[in-house]
Amino acid sequence: MTGTRETLRLLDVTVAAGDGWIGEIPAGGRLRIVDLHGNQAVDTLIYDARDTANRYSAVDTVRAQGAVYLTTGSVLRSVRHDPLATIVDDTCGRHDTLGGACAKESNVVRYGEHTRHQHACRATFLRYAVTYGLDKRDLTHNINFFMNVPVTPDGGLTFADGVSAPGKHVELRAERDILVLISNCPQLNNPCNGYDPTPVRLLGWAR
Amino acid sequence: MTEGYRHDVPGGAAWSLTLRRGSTLRLEALGTDAVASMLLFAAANPGERLNVPDTLKAQMSARITPPMVLMSDLGRALASVTGSSLDWHDAITGHSIDADLDRFGPSDYGRDRNGWRRSARSLLLDELYVHGLGERDLHACVNFFAKVAPASGERAALAYAPGHAGTGDWVRLRAELDLLVVLATAPHPLDPAPHWDPAPVRADVAAGEPGPIPADDPSMTFRAESARALAAAERSLL
Ligand SMILES: [Zn+2]
């Protein structure tokens, strides 16, 4: 009620464990993702809202910033190298660019046949994506906010216990009108969330 | 049945080929710092494509090296890396873009003719369009012959390794499904060389047996995850 921000609030939603969300943030607007219980992986895709083929590109983002992890100041770039959003606040410290999303089929590859019918991010992504006319071809190598995927100089890569904690958040500023697609990861098979998916809160402001 | 063929891809060019299950593609660098930026699709359904995150995380590696399996987004092995003279091929920094050409100065077809400088992105898109594919199908590529290593440290800063590949370095893939392979030979986007002189890449395609992969195949025994992706590819063809 007091600050300018309060009067321009766009959204305040809680995304349940294993659920998803899709919505637009206008240019200059902000989206804050709050890790309510800690160590929850928030799989996120971003599109130019006016031209969804101009979507987030993990490799262009990683290359442009010359580093694997995302944090405050990281510019999230599209396949055409346009800035889609900038991380303007980050109380977690770093976020994964390499791990991608889980899917039933990749769960089977990683953990075995017994995981085939577990819930997974790709199904959540698609369920929300279709409401905007997007389909599987529009899914790409996503950001995992709050997830810890250590890489080593000798080329190793692992999943590890998270570096996040209850109440930590990351905040994006939209550099153009963007469409944000989120899967609040239901993964039950690796230590990044302590084997316990939990809700996250999304706060949005028009500027 | 043809035994195979050889095709030399000039530096700074694009190429695509179909590769039958069981056949092999051997790429050889014909100069220093050659790069083959490669996209892979299941030929029967190009909506199924290489998924670098799934490939890396399932095999716990930030680089591509033999005998790793290159996996699709549907949990199937597309190809196995059955051998290489190099222990590191980059898959985390993507193809070059037009802005990477700025340092070479202006280039146009009228002046440079077939030496017209193009980025890997432009080259890959042109080749995708031929197959009825496009920007939505552009995915994280493997940059064969390139090494970009993450430093230890809070951000995992990346360092390109100049001279990682020299003339004669090679890598060999075995198709585990019928594939559409699309590649470009523009310089790596992080290659700081001031002169445009992309090296050609030689491709040798050889017919192979499409039968079951032996249990003692190195890609089968590499990791349980690799074996499961190979089994999924095989099972889906029954
Ligand atoms: Zn997930």
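Across the interface of chain A and chain B, 28 residue pairs are in polar contact, both partners having pLDDT 80 or more. The model is a predicted one. On the side of chain A that touches chain B, the elements that give two or more residues are strand S5 (51-55), helix H2 (58-65) and helix H3 of chain A. H3(A) gives the most, with six residues. By class, this side of chain A has 18 nonpolar, 13 polar and 15 charged residues.

In extent, the interface brings 46 residues of chain A into contact with 48 residues of chain B. The area buried between the two chains is about 3,800 Å², of which carbon and sulfur atoms give 53%. Arg63(A), Val109(A) and Arg137(A) supply 20% of the area that chain A buries against chain B, more than any other three residues.

Helix H3 of chain A covers residues 104-111, and within this helix Ser106(A), Asn107(A), Val108(A), Val109(A) and Arg110(A) are buried. These buried residues pack against three elements of chain B: helix H1 (52-58), strand S6 (69-71) and helix H5 (224-235). Just after H3(A), Gly112(A) adopts a positive phi of about 115°.

Charged pairs also join the two chains. Side chains of opposite charge can pair when their charged atoms come close. Between chain A and chain B the count is five salt bridges. Asp135(A) forms a salt bridge with Arg136(B), with 2.9 Å between the closest N and O atoms. A network of salt bridges links Asp51(A), Arg80(A), Arg121(B) and Glu135(B).

Over all chains, the count comes to 34 salt bridges. Within chain B, Glu48(B) and Arg76(B) meet through their side chains in a salt bridge of 2.7 Å, N to O. Glu48(B) lies in strand S5 (residues 45-49) of chain B and Arg76(B) in the loop between S6 and strand S7 (77-84), so the pair ties together parts that are 28 residues apart in sequence. Glu48(B) is buried, at a relative accessible area of 2%, and Arg76(B) is buried as well, at 18%.

A further salt bridge in chain B joins Arg63(B) and Asp87(B), at 3.6 Å, N to O. Because Arg63(B) lies in the loop between H1 and S6 and Asp87(B) in the loop between S7 and helix H2 (109-112) of chain B, the pair ties together parts that are 24 residues apart in sequence. Asp87(B) is partly exposed, with a relative accessible area of 44%.

Methods:
Residues numbered from 1 in each chain as written. Chains lettered and ligands numbered in written order. Predicted model: local features only at pLDDT ≥ 70, side-chain atom pairs only at ≥ 80, totals over all residues. Heavy atoms only, no water. Buried < 20%, exposed > 50% of the residue type's maximum accessible area, 1.4 Å probe, protein only. Helix = DSSP H or I, 4+ residues; strand = E, 2+ residues; numbered from the N terminus. Contact = heavy atoms within 4.5 Å. Buried area = accessible area lost by both parts, 1.4 Å probe. Salt bridge = Lys/Arg side-chain N within 4 Å of Asp/Glu carboxyl O. Polar contact = N/O pair within 3.5 Å; in protein donor to acceptor, adjacent residues only side chain to side chain. Nonpolar A, V, L, I, M, F, W, Y, C, P; charged D, E, K, R; others polar.
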